[in-house]
Amino acid sequence: MPDWVVAGIGGLAAASTLLLGAALAWFLRIPRVVTTSVMAFGAGVLISTLAYSLVQEANETGGIIATGAGFLTGALLYVSADYLVSHRGGSHSRMSQDPQRESEPSGVSLAVGALIDGVPESLALGLSVAAGGSLSIPVLVAIAISNIPEGLSSSVGLKSSGRSARFVFTMWGAIAGASALASLAGVLLLEAAPTGVAAFVQTIAAGGILAMVANTMIPEAFERDRALTGIIVALGFLTAFLLYELGG
């Protein structure tokens with residue numbers, strides 16, 4: 001199967017957990033502690049994944065200059081985009097502080113916030129295919145886990161504000177499709193690129209992911225579950241590390 005097909009399918013599979021989170025929110029009442037635990041675990045998985053599957057591999061193939069420059073660029077791009085969304089009436093947050101506040105941002109703002117997260121994640125997944133010829137299981141698992149609380153918590157607010165199931169699931173389906181295209185782009189645009197260029201772009205994704213984890217996932221999980229957040233993040237990190245080692 002061609003690499004671009006593998007990347008597209010992988011990106012769609014990882015992003016489809018946004019729909020899973022939305023379905024859980026729509027049909028079940030999920031305790032807050034469960035959602036925050038999933039978020040904390042996903043944060044740990046993402047940190048481990050970007051360290052071992054993205055930054056380390058980029059440094060080995062493209063060198064420290066391209067790796068460092070890409071990483072800082074990704075972090076700056078994410079923070080800038082996050083700032084623009086947050087200060088134009090939106091609320092880029094994987095979980096709002098309470099169900100009533102979740103209904104305030106428009107569907108467009110929620111979608112933009114999800115894309116800010118999803119594009120660098122999916123691009124990284126596509127780059128893993130371009131670099132190794134197969135999907136990186138740790139990257140796939142990390143993205144899939146981290147998407148669940150976003151789809152869940154945002155859909156709770158949309159449901160409480162009177163949005164229809166068609167609107168909610170169409171929105172998340174479109175975002176999942178866009179994430180699949182980003183994964184596809186990671187292969188088509190960079191499969192034949194020089195190693196330094198590929199490393200630069202790969203670490204742009206890594207820097208964006210780390211900035212998202214630091215700005216959003218860990219603070220929000222800690223705000224609601226201070227006692228266990230640290231150990232759950234550590235368990236997520238260890239899980240992804242073991243997947244990386246066993247897969248390698």
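**Ground rules.** I am working from a predicted model, where local features need pLDDT of at least 70, side-chain atom pairs count only at pLDDT 80 or more, and totals for chains, interfaces and linings use all residues. Residues are numbered from 1 along each chain as its sequence is written, and side-chain values use heavy atoms, leaving out hydrogens and water.

**Aromatic pairs.** Trp26 and Phe169 are edge-to-face, at 6.2 Å centre to centre and 65° between the planes. Trp26 sits in helix H2 (residues 17-27) and Phe169 in helix H8 (residues 165-188), so this pair ties together parts 143 residues apart in sequence; helices here are DSSP runs of H or I, at least four residues, numbered from the N terminus.

**Accessibility.** I checked Trp26 next: its relative accessibility is 14%, so it counts as buried (under 20%; exposed is over 50%, partly exposed in between, with a 1.4 Å probe and protein chains only). Phe169, at 24%, is partly exposed.

**A second pair.** Tyr52 and Phe237 are also edge-to-face, with ring centres 6.2 Å apart and planes at 65°. Tyr52 belongs to helix H3 (residues 32-62) and Phe237 to helix H10 (residues 229-247), so the pair links parts 185 residues apart in sequence. I noted that Tyr52, Phe237 and Phe241 form one aromatic cluster.

Terms used:
Rings of Phe, Tyr and Trp (its six-membered ring) pair if their centres lie within 6.5 Å; planes under 30 degrees apart count as stacked, over 60 as edge-to-face and the rest as tilted. Helices (H or I, at least four residues) and strands (E, at least two) are DSSP runs, numbered from the N terminus.
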